[in-house]
Amino acid sequence: MDGWRAIGRVAGLYRHPVKSMSAQPLADATIDGHGIVGDRRFALRRIGDQGGFPWLTASKLPALITYRAECAGSDAPTLATMRIHSPAGDDFGCESDALARHLAEAHGVNVELLHLDRGIFDVAGLSIITTQTLASLGALLSMPMDARRFRPNIVVDVEESGDPYPEDAWVGRTIAFGNAQNGPLASITELDERCSMINLDPDTGASSPEVMRTVVRERDNRAGVYAVPTRGSTVAVGDRAYIRG
């Protein structure tokens, strides 16, 4: 494969059907021109908000990260097929206003669940991080770093690299998964600048501010990379990853 260099394997795949809710681990996924199919295609809009960012996120309501969207396999979720589970075990369909009423009663927020055809992303459609970066940050913090804190779509385990943050060197290059000839491709555009959501435990929503303080101090507030898909196809955990450029 001319110009391609094998770097490791896909160690994890995640999508977030509703922005700021719990990550859904996947064994395989389809990547299209916008990212992983079904990722961040729904969001909670704050009714009456006139600002430039009307979406309710876990940075404003940490408990939101403990809500789980359930949708079958790698199929794209729809209002008819997706259900939301609260941390207390409540189960809500998405075609009614039951979820909105629950969030108003439980958390005092007035929202509506909206579907966005192209998704809602902070910068680009794919977020990628390596197991090496997670381990390096974990060593600095003396605590394990759950990949879900960083809201990635793809976790790559880099082989034979002594670099504690190997994805830093990928910016400006192209990454491929599975097969560089016909597998998904993406252009790595920039380092991923972090927000306070990385402080939140993905299971409980409890905040550990030292996580972001460490990333700010040691990494200039960056961990992982953003990528723009350039060729769609399927990707699975265990697939080879390649870099070119």
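1. A residue is called buried here when its relative accessible area is under 20%. By that criterion, 50% of the 245 residues of the protein count as buried. The structure is a predicted model, and the points that follow should be read with that in mind.

2. Overall make-up. The protein has 3 helices and 16 strands. Its radius of gyration is 18 Å, close to the 18 Å that the globule rule gives for 245 residues, so the protein is as compact as a globular protein of that length. Taken along the principal axes, the C-alpha atoms fill a box of roughly 55 × 40 × 35 Å. Among the contacts between residues at least 6 apart in sequence, 73% join residues that are at least 24 apart.

3. The pair of helices H2 and H3. Two packed helices are described by the angle between their axes and by the distance between the axes. The axes of helix H2, which covers residues 131-141, and helix H3, which covers residues 210-219, come within 10 Å and cross at roughly 110°. Angles of 65 to 115 degrees count as roughly perpendicular, and H2 and H3 are therefore roughly perpendicular to each other. On the H2 side the contact is made by Leu137, Leu140 and Leu141, while H3 contributes Glu210, Val211, Thr214, Val215, Glu218 and Arg219. The residues of this contact divide into 5 nonpolar, 1 polar and 3 charged.

4. The surroundings of H2. Within H2, the residues Gln132, Thr133, Leu134, Ser136, Leu137, Gly138 and Leu141 are buried. The buried residues of H2 pack against strand E10 (126-130), E11, H3 and strand E14 (222-231). H2 is followed by serine 142, whose phi is positive, near 55°.

5. Tryptophan 170. Is this side chain's residue buried or exposed? At 3% relative accessibility, tryptophan 170 counts as buried, and the residue is found in the loop between E11 and E12. Not counting residues up to four places away in sequence, tryptophan 170 touches Ile7, Ile128, Thr130, Val156, Val158, Ile175, Ile188, Val225 and Ile243. Tryptophan 170 and leucine 191 are 21 residues apart in sequence, and their C-alpha atoms are 9.2 Å apart in space.

6. Side chains of opposite charge can pair when their charged atoms come close. The structure holds 14 salt bridges. In one of them, arginine 240 pairs with glutamate 159, the closest N and O atoms being 3.2 Å apart. Arginine 240 lies in strand E16 (residues 240-244) and glutamate 159 in the loop between strand E11 (154-158) and strand E12 (174-177), so the pair ties together parts that are 81 residues apart in sequence. Both residues of the pair are partly exposed, arginine 240 at 21% relative accessibility and glutamate 159 at 36%.

7. Further salt bridges. Aspartate 146 forms a salt bridge with arginine 148, with 2.9 Å between the closest N and O atoms, and aspartate 146 counts as partly exposed at 28% relative accessibility. Asp146 and Arg148 are linked with Asp203 in a network of salt bridges. Glutamate 70 forms a salt bridge with arginine 68, where the closest N and O atoms are 3.8 Å apart. Glutamate 70 is partly exposed at 36% relative accessibility, and arginine 68 is likewise partly exposed, with a relative accessible area of 39%.

8. Two arginines with positive phi. Arginine 40 has a positive phi of about 55° although it is not a glycine; arginine 40 lies in the loop between strand E4 (35-36) and strand E5 (42-46), and is buried, with a relative accessible area of 10%. Arginine 151 also has a positive phi of about 55°. Arginine 151 is placed in the loop between H2 and E11 and counts as buried at 9% relative accessibility.

How values were computed: Residues numbered from 1 in each chain as written. Predicted model: local features only at pLDDT ≥ 70, side-chain atom pairs only at ≥ 80, totals over all residues. Heavy atoms only, no water. Axes fitted to C-alpha atoms, helices over the stretch in contact; angles between N-to-C directions. Helix = DSSP H or I, 4+ residues; strand = E, 2+ residues; numbered from the N terminus. Parallel < 35°, antiparallel > 145°, perpendicular 65-115°, else oblique. Contact = heavy atoms within 4.5 Å. Nonpolar A, V, L, I, M, F, W, Y, C, P; charged D, E, K, R; others polar. Salt bridge = Lys/Arg side-chain N within 4 Å of Asp/Glu carboxyl O. Buried < 20%, exposed > 50% of the residue type's maximum accessible area, 1.4 Å probe, protein only. Rg over C-alpha atoms; globule rule 2.2 N^0.38 Å.
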